[in-house]
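Please give me a briefing on this protein model. Keep it short, and group the points by topic.

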Amino acid sequence: MTAPAETDTSRAGYLRRLSGLLWPAPATVTICRARAPGRPYAEYLLVPGAERPKMLVPAGRRAAAAAVVGFNAERSPRAAALSRVLRTALRTGAAHPLLRDRLRVHAGGARPDTIETHLAAVLGTPDAPPLLGLQIGPARANRKPVAQLITADGRTLGFTKIGVNALTGALVTAEARALAVLNEATTRAMTVPAVRHTGRWHDLELLTQDALPVWRERAPVTWERLTTVMLEIADIAGVTTGPLTAAPYWKGLRDDAAALGDGPRAEQVRHALDLIGAGPGPELAFGSWHGDFALWNIAVLPETVLVWDWERFTTGVPRGYDALHYHFQDATATRGRPHDEAVRDTLAEAPRLLAPFGHTGDDADLVALLYLCDIAVRYLRDRQDEAGARLGRIEEWLLPELLGRAARR
């Protein structure tokens with residue numbers, strides 16, 4: 001199978017590239033409707049089809065149903081309903097005649113070397129390789145496979161994150177480091193995944209984690225519960241206070257902005273930082289943040305909040321970044337507001353959002369602007385626009401408000 005060019009950012013192109021990485025030669029992969037000759041080593045359904053696949057699930061009914069538990073369920077009530085319908089249709093077999101497109105793996109030898117056999121060794125089950133469930137998201141620079149590891153009878157054994165290039169490999173490594181810190185900490189409000197294994201396989205960076213019990217009874221998502229968790233995250237590695245312009249965070253943010261090179265967007269970010277840093281720097285409280293605290297990375301249970309996807313965890317940032325990020329993501333991804341409106345609303349709500357973290361008045365406005373600078377640097381550094389991510393065009397929704405507000409300080 002010939003891998004498509006890297007410029008093909010479609011879901012189908014992305015899946016074809018992944019196929020060559022997860023099932024390397026001498027294994028062969030066939031994506032088709034007609035059955036390929038011989039008995040496949042593994043067979044997966046493409047949901048809803050090969051042209052625009054959103055999921056890859058095992059062909060077996062129980063394993064397929066297990067692979068869609070929670071699929072997009074946290075993004076909206078409609079997505080949750082669709083997830084439940086799909087799970088039922090797969091478990092009963094009603095969906096199989098409709099899902100005609102298959103991905104079939106032929107091992108190409110007596111001792112296959114595939115992602116399934118490698119993960120079986122990692123899990124200590126060499127005679128029972130796990131099946132995979134993969135969600136195939138839209139184009140993003142940090143798009144990477146996260147494999148749900150499933151038994152034939154539908155039990156979830158864990159999850160493996162797979163770094164497929166320099167950026168995603170660095171994110172997988174960063175999450176492994178973050179979880180090592182978090183697993184050593186005492187947490188009361190939240191539960192985080194335990195690490196099963198880290199390592200490399202065929203130049204891919206792998207992180208295998210235990211599965212969090214996302215199938216358990218949920219509790220209402222309230223701002224009070226979320227704030228308790230975000231405060232625990234903010235303080236988990238300690239808190240310091242001091243002038244902004246003397247803080248290591250300020251130097252690191254400016255260094256990251258300087259490393260973006262030339263270009264009008266990078267220059268605008270640096271100009272915003274110059275405006276923010278002019279004059280006496282206020283005293284701020286610095287702690288940690290999750291980095292992508294959003295509804296799809298948490299599950300609120302009666303006794304705890306499950307929190308996953310720690311690849312952007314960072315220490316030494318102004319306390320409260322998670323509150324700003326959650327508010328912005330909830331406005332755009334969950335409620336469907338335009339991104340420029342969500343930026344303005346997040347800035348307006350900053351004093352309320354940041355009050356529990358010790359920032360009020362002008363200090364809250366400053367922290368909100370620093371958060372926007374941080375996000376702008378992230379998107380430019382990751383080259384999200386080149387990867388086809390809609391949010392990568394920060395000149396359309398982030399930079400105008402950032403520069404305008406920074407100039408009025």
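Glu283 counts as exposed, because its relative accessibility is 52%; exposed means over 50% relative accessible area, buried means under 20%, and partly exposed is in between (1.4 Å probe, protein chains only). This is a predicted model, in which local features need pLDDT of at least 70, side-chain atom pairs count only at pLDDT 80 or more, and totals for chains, interfaces and linings use all residues. Residues are numbered from 1 along each chain as its sequence is written, and side-chain values use heavy atoms, with hydrogens and water left out.

**Around Glu283**
- Glu283 sits in strand 12, residues 283–289. Strands (E, at least two residues) and helices (H or I, at least four) are DSSP runs, numbered from the N terminus.
- Setting aside neighbours within four places in sequence, Glu283 is in contact with Thr241, Gly242, Pro243 and Asp363. Contact means heavy atoms within 4.5 Å.
- Glu283 and Leu171 are 112 residues apart in sequence. In space, their C-alpha atoms are 31 Å apart.

**Helix 5**
- Helix 5 covers residues 166–184, which makes 19 residues. From first C-alpha to last it reaches 28 Å, close to the expected 27 Å. The expected span is 1.5 Å times one less than the number of residues.
- At the start of helix 5, a side-chain oxygen of Asn165 comes to within 3.3 Å of the backbone nitrogen of Leu167.
- Leu171 is one of the buried residues of helix 5. Others among them are Thr168, Val172, Glu175, Leu179 and Leu182.
- An α-helix has 3.6 residues a turn, so residues three or four places apart point the same way.
- The cover over the buried residues of helix 5 includes strand 7 (156–163), strand 8 (190–191), strand 9 (195–201) and strand 10 (204–209).

**Helix 10**
- Helix 10 spans residues 339–354 and has a kink of about 45 degrees at Ala348. The kink lies shortly before the proline Pro351. The bend at a residue is the angle between axes fitted to the seven residues ending there and the seven starting there.
- Buried residues of helix 10 include His339, Asp345, Leu347, Ala350 and Leu354.
- Among the elements covering the buried residues of helix 10 are helix 6 (223–235), helix 9 (321–334), helix 11 (361–381) and helix 12 (399–407).

**Cysteines**
- How many disulfides does a search of the whole structure find? The search finds 0. A disulfide is a pair of cysteine sulfur atoms within 2.5 Å.
- Cys32 is partly exposed, because its relative accessible area is 22%.
- Cys373 is buried, because its relative accessible area is 0%.

**Backbone exceptions**
- Most residues other than glycine have a negative phi, and most peptide bonds are trans.
- A cis peptide bond joins Ala25 and Pro26, with omega about 15 degrees. Pro26 is in the loop between helix 1 (11–22) and strand 1 (28–32).
- The bond from Val47 to Pro48 is also cis, with omega near 0 degrees. Pro48 is in the loop between strand 2 (42–47) and strand 3 (55–58).
- Asp309 is not a glycine, yet it has a positive phi of about 60 degrees. Its place is the loop between strand 14 (305–307) and strand 15 (314–318). Asp309 is partly exposed, because its relative accessible area is 24%.
- Arg383 has a positive phi near 55 degrees. Arg383 lies in the loop between helix 11 and helix 12. At 52% relative accessibility, Arg383 counts as exposed.

Terms used: Polar contact = N/O pair within 3.5 Å; in protein donor to acceptor, adjacent residues only side chain to side chain.
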